[in-house]
Amino acid sequence: WLKTCWPAVQSSLRAMAASIVAVTNSVLEVLPPEVRAIAHAFMYATRIRLVDGLVKATLYSNKTWSQEGESIIKLTWEHGSQLAAFACMYKAANRLVGAVTGGITGDGHQIHAAVAGFLGGWMVWGRYSKFNETLNLYLYGRVLYALAQTAQARGYLPKSETLPAGSGYRWWSAIIWMIVMYQFERGQKKHPIQSSLYSSMDYLYHKSDGVGFEAWGAKLGRGAEIMPLAVIAVVVAKLRQ
């Protein structure tokens, strides 16, 4: 029955998707760029957070589905609203700064972007929350990495990937891990690490000293019992490639 009906179901789903695309296009076409940025932000956040939340709820969470659903909606809304607020403010500020300075292009446009980013960062991402902290830390690392690559490209850092000659990337990686492992072993009270990072490191480096389900399964959430089989399946599949 399923084999017979599936082509018709696929056809209906494609038609529905095409209709959604057509309606979305017709609505977004009449909106200004700042409002379109809001729509893009919510679609992006929903795509990321909804799927990520459902996967984590299925595999790791010990909450009820009702509680998990509320949490997913809350996180998706926070992600989407923050991105939407910044995207709209950034585009509006960029346009405003451009109008004030006479629509300068080239390097001047990059300065507009920097000013608009500063204003948006202050107004939107400067409000403390766990989500904002996480995203700011993510961007902080990305920015430093990009600056290191720029320094290498301009010859300020060596490009060799061999030791002992060394390279900027190897030194950067080694120093980061040296510091974070020192902070971790000193403990949360003396060197507070972000809680989710500390929890992951605790599972990897401290819980592995113990034995039994309390050691390896305690932080894996729902479905932890079958995780060893899942790992074996991944390893076998990889070896067969």
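## Quick briefing on a predicted helical model

Across the protein chain, the mean pLDDT is 80, and 88% of the residues reach 70 or more. Keep in mind that this is a predicted model.

**Helix H2**
- Helix H2 covers residues 33-59, and at 1.5 Å a residue its 27 residues should span 39 Å.
- The end C-alpha atoms of H2 are 39 Å apart, so the model agrees with that expectation.
- On the buried list for H2 you'll find Glu34, Ala37, Ala41, Ala45, Gly53 and Ala57.
- As for what they pack against, the buried residues of H2 sit against H3.

**Glu78 in helix H3**
- Glu78 belongs to helix H3, which runs over residues 65-100.
- This one is worth a look: Glu78 is buried, yet has no salt bridge.
- The nearest side chain of opposite charge to Glu78 is Arg127, 4.8 Å away, whereas a salt bridge calls for a side-chain nitrogen of Lys or Arg within 4 Å of a carboxyl oxygen.
- Leaving out residues up to four places away in sequence, Glu78 touches Ser129 and Phe131.

**Helix H7**
- In helix H7 (residues 195-205), the buried residues are Tyr198, Met201 and Asp202.
- Look down the axis of H7 and its buried residues fall within an arc of 105 degrees, so they line one face of the helix.

Definitions and conventions:
Residues numbered from 1 in each chain as written. Heavy atoms only, no water. Helix = DSSP H or I, 4+ residues; strand = E, 2+ residues; numbered from the N terminus. Buried < 20%, exposed > 50% of the residue type's maximum accessible area, 1.4 Å probe, protein only. Lys, Arg positive; Asp, Glu negative; His and termini not counted. Contact = heavy atoms within 4.5 Å. Arc of directions from axis to C-beta. pLDDT = per-residue confidence, 0-100. Expected span 1.5 Å × (residues − 1).
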